Amino acid sequence: MNSLKSNSPTFQQLILKLQTFFAERGAVIQQPYDVEVGAGTMAPETFLRVLGPNPYKVAYVQPSRRPADGRYGENPNRLFKHLQLQVILKPPPENVQDLYLESLGAIGIDLRQHDIKFEEDNWESPTLGAWGIGWQVMLDGLEVTQFTYFQQCGGVDLDPISVELTYGLERLCAFLQDVDSIYDIVWARDPETGKQVKYGEVRLADEQQFSVYNFEAADVQSTWKHFELCEDECKKLIERYSALTKDKSEGDGNDVVREKARFPLLGAYDLCLKCSHYFNILDARGAISVTERVGVIARVRALAVGIAKAWMDQQHSTGKKTDSDRAAKPAAKEKKGKLAPVG
Amino acid sequence: MPDFLLEIGCEEIPARMIDAASLELRDRLSALLQRERLDPAGEISHLDTPRRLAVLASGIPASQPDITEQVNGPSAQVAYKDGQPTPAAHAFAKKVGVDVGKLEKVSTPKGEYLAATVKRKGRTAAEILAETLPKEISSLYWPKAMYWRKRGEVFVRPVRWLVAMLDEQVVPVELFGIAAGKTSRGHRIIGSKAGSETGSVAVSKPSAYVEALRGAKVLGVAEREQLIRKALDARTRTIPGARWREDKPLVASVVNLTEFPSVILGSFDPEFLDLPEEVLVTVMRDHQKYFAIEDANRKLLPHFLAVLNTAADSDGLIRHGNERVLRARFNDARFFWQTDQKQTLRQRVDLLRNVTFQKDLGSYYDKTMRVQHMASWLSETVKQSGMAVRPGVVHKAALLAKTDLTTELVKEFTELQGIVGALYARVQQFDEDMRPDVQLAISRAIYDHYKPESMEDSVPATVEGAVLSIADKADSIAGMFALGLIPSGSKDPFALRRQANGIVKTIAEKKLPFHLSEIMADARGRYQGSEAEKKFSNAAYAESVRSFFRERLEFYLKDARGYAYDVVSAVLAVDADDVVDAAARAEAVKNVRGSADFESISSAFKRMKNILRQAAEKTKIVSLRVDPACLQEESEKKLAALIPQTVATVDKLRAAHDYEAALREIASLRPAIDKFFDQVMVMVDDDNLRANRLALLQTVVKEFSTIADFSEIVTEGKESTK
């Protein structure tokens, strides 16, 4: 056991190794999305990328905030915000399970010395109108990865489908380092001095303060107001996009295509994510009554589904134009810039 | 004759689905072979693991037998004109592929017809299997399936390889973009030597398949189960006096999670034994798939058994990892337990306002209020019937029963709902002057109030628990039925049938003085004036609930109690509202039905009812009462005279719930009734006479059908009189 511990990676080495592994297999290594999300699935690099026909491979760390899961930093296994390593393989290669097992090898797990099982576990997110089929991967009795074949997202049947691998980084690292508390995980080790920085030093204050905020301090009224403002703006954007589609007949067809191509659906999606996060805070705060709850989830889903539909349309109509119009419309292309994960 | 092997290589199939799919695949293959006249000489065997479904049919014909058959054509008249074959004859000859000259004539009842003897060559098994198997495989039923290549093409998980062979030959099956071959795959990790990447297993011929897989560390189901059980025993024996808790569903589950199992013994800190056993076992069993170990007194020991999907744990790494996970889980549970104590159950009642019961039926707080009132009313009813019950216990237990839904422990381990509430109710300080035995009784009632969770499960141990359980379930059923969410066919998302079964079983076994219609009317009444009521749409509430419960009672009497269907029909035809009474009457009917008198009486009743029905159909008049002056024959006079005294005796016995004696009393009418039918004609022409005799029959049927409708009893065709 000590052998496992002594050469086990630090938290950041674990992340680097996994990123390197997938980079070497052709994935884009993205950076964490900078809007609050409850899971890596909600980042646009997953939610929007899995829609439509374009192949894509991406891996990124995603800090995932779940206000109700906060424990004031007192529980050794629970966090308000944990880190996921999220991988999307679209379409999934035939040997995707082998590829996954290799990634475990890459972080120093010799599978011949361990017990690995793929146990049925299907995934569903009512808020995103998304679901998939798959397993929880059990390593010596510990769930280390969620392995999902996405079937539907934003209410859209996927074609092709994607595989989503979600590595729970804290638990995986605690396993590798053989520590019982997340806060004892060695995050970094100075190669010269050997000085260690522990997870608790980096993150404990986060956990304490956000637990207080989410459970006690968040102002219910203004959180509701934020929710409604974001929802309202998001809805209006979705409506404006669909108005563009209907206006096709009038005016110059190319104008419509251009308008569509530069339409800020990504902005609308950020607003939807914010709604979801405010909902989670209100929920943790105990501010959502029974009768409201189902309704509020449905409201967020309506946004997500509306954006997914519009996004499919945008991809479709701009995709057709891209090649022939590339030279003619550099401005539109430019606009999307680096932010847009558009293929 | 060659052997046939089909192996569907798949990514891990959910453990719960493997057995049923395996059986279906065998059935499909067997039916296919029979249909195609390729019946195997030997057995159809199978080998299933999470990664494969394989079937092996030993000794099937290499091809279908040739068939010689006679095909009939046009009539001879049409086929020949002036002795020469007509175009019709030529066309027929062409169709069957026979020379015109070789056509035969056969005579049929309709005249002479052309015929040809056709020899049809049997097709090869390989050809047939390659053609038909894809459809059979694609048709396998899965509770949940997925697509991975294209939409519409679904299976439980992606299929990655296929093996299809007739002896050494590949059967060219193609499916999911995969061509079948002769290469299988072994165990994911230990199926090949370290360093060799492939993991592939060459299968030389079907009969070598099982051994080839064994070499690659893959075993069949039966062998895995045997291995697991032996290993569980062996590991347990290392602890003196210990035994592992038998758990068949768990064994079945781990058998189907492994290809090459072994077992390790792990331990945990005995300090965790302070946590309730229910919590510890749930964590081990439901979350980790570990077997619990107990001592001779059934007390839990600080050990567990984990089944691995690998050969050995030589460095103890796997044991260490599993112990670590369990420790974290137990720590969590302990943490939740302690956190939960910060708020008492009583304080949590208000939190139930934030827990949805059903979207249209409001919160668990609303439900708690309804159930509390109903349970109090029910316990009053019980008390008035003379049974011992503590209404105070029921009242308090009903208030607290659902509060554990707000606890961390139940949020984490939902299967412990009820149990956690009970455990907290036991340890928390209630009112200061509450007697410990009362507190214990409250805890007990909460503990049991989800019971019985199936027909096999036991009912609540105490009357208080039973009353609470019934009120809780009745409230759910009433709300759903009023909303129109009535179970139909396989659709019963709220498990209302199970809950109704629970009510019936609990009333029957606790012998509670409840009438189903009254309970359900009361449960419906508790929604009066609520928000939920505005959504109610079922105008035929009482009737739909009545027929629903009649079915449940029928199911209970037949399937749980084992009464014959005709006995149950006879009993429920009289009344299906009083469960205890119906069960008692069924028991009485069962006990007397074998006797000759009763058989004969049953036949006689059937006959009487037939006569009365026919009379009604022909609109014949039935007198309001039997007029003694109108009685002619000796036997009808005698029967009429017997009725009042028999009715009096039967009523007295019935009131004393001595149904068996009452039935014997009715059966004692047999000689009189037999004689009546021997000597008296009912449907005579004389209107008065007929009306009076019909009245006599009507009286008999009416007065003596208060325990069971005898005409429902099947009498093996024996008639009492001719």
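Domain bounds here come from an automatic or database domain assignment. A few friendly notes on the model follow.

1. This is a predicted model: local features need pLDDT of at least 70, side-chain atom pairs count only at pLDDT 80 or more, and totals for chains, interfaces and linings use all residues. Residues are numbered from 1 along each chain as its sequence is written, while chains are lettered from A and ligands numbered from 1 in the order in which they are written.

2. Chain B is assigned domain 1 (4-63 + 124-215), domain 2 (67-120), domain 3 (221-340), domain 4 (348-562) and domain 5 (583-712). Between domain 1 of chain B and domain 2 of chain B, the C-alpha centres lie 46 Å apart.

3. Chain A is assigned domain 1 (2-216) and domain 2 (218-336), with 27 Å between their centres, taken over C-alpha atoms. Their contact (C-beta atoms, placed from the backbone, within 7 Å) takes 24 residues from domain 1 of chain A and 23 residues from domain 2 of chain A. Helix 6 (residues 199-217) of chain A gives the most to the domain 1 side, with three residues; helices (H or I, at least four residues) and strands (E, at least two) are DSSP runs, numbered from the N terminus.

4. Where chain A meets chain B, the contact takes 35 residues from chain A and 39 residues from chain B. Strand 4 of chain A gives the most to the chain A side, with five residues.

5. The largest nonpolar core has 221 residues, of which A:Cys272, A:Ile307 and B:Val467 touch the most other members. Such a core is a set of buried Ala, Val, Leu, Ile, Met, Phe, Trp, Tyr and Cys residues joined through C-beta atoms within 7 Å, where buried means 20 or more other C-beta atoms within 10 Å of the residue's own, C-beta atoms being placed from the backbone. Another core, apart from that one, has 47 residues, including B:Ile8 and B:Val156.

6. In chain B, an open sheet of five strands has the order 2-3-1-11-12, with antiparallel pairing; pairing requires at least two DSSP bridges between two strands. Its edge strands are strand 2 (44-49) and strand 12 (169-170) of chain B. Strand 1 (residues 4-10) and strand 11 (residues 159-166) of chain B pair over seven bridges, and B:Leu5 stands opposite B:Met165 in strand 11 of chain B.

How values were computed:
Contact = placed C-beta atoms within 7 Å. Buried ≥ 20, exposed ≤ 12 C-beta atoms within 10 Å, placed from the backbone.
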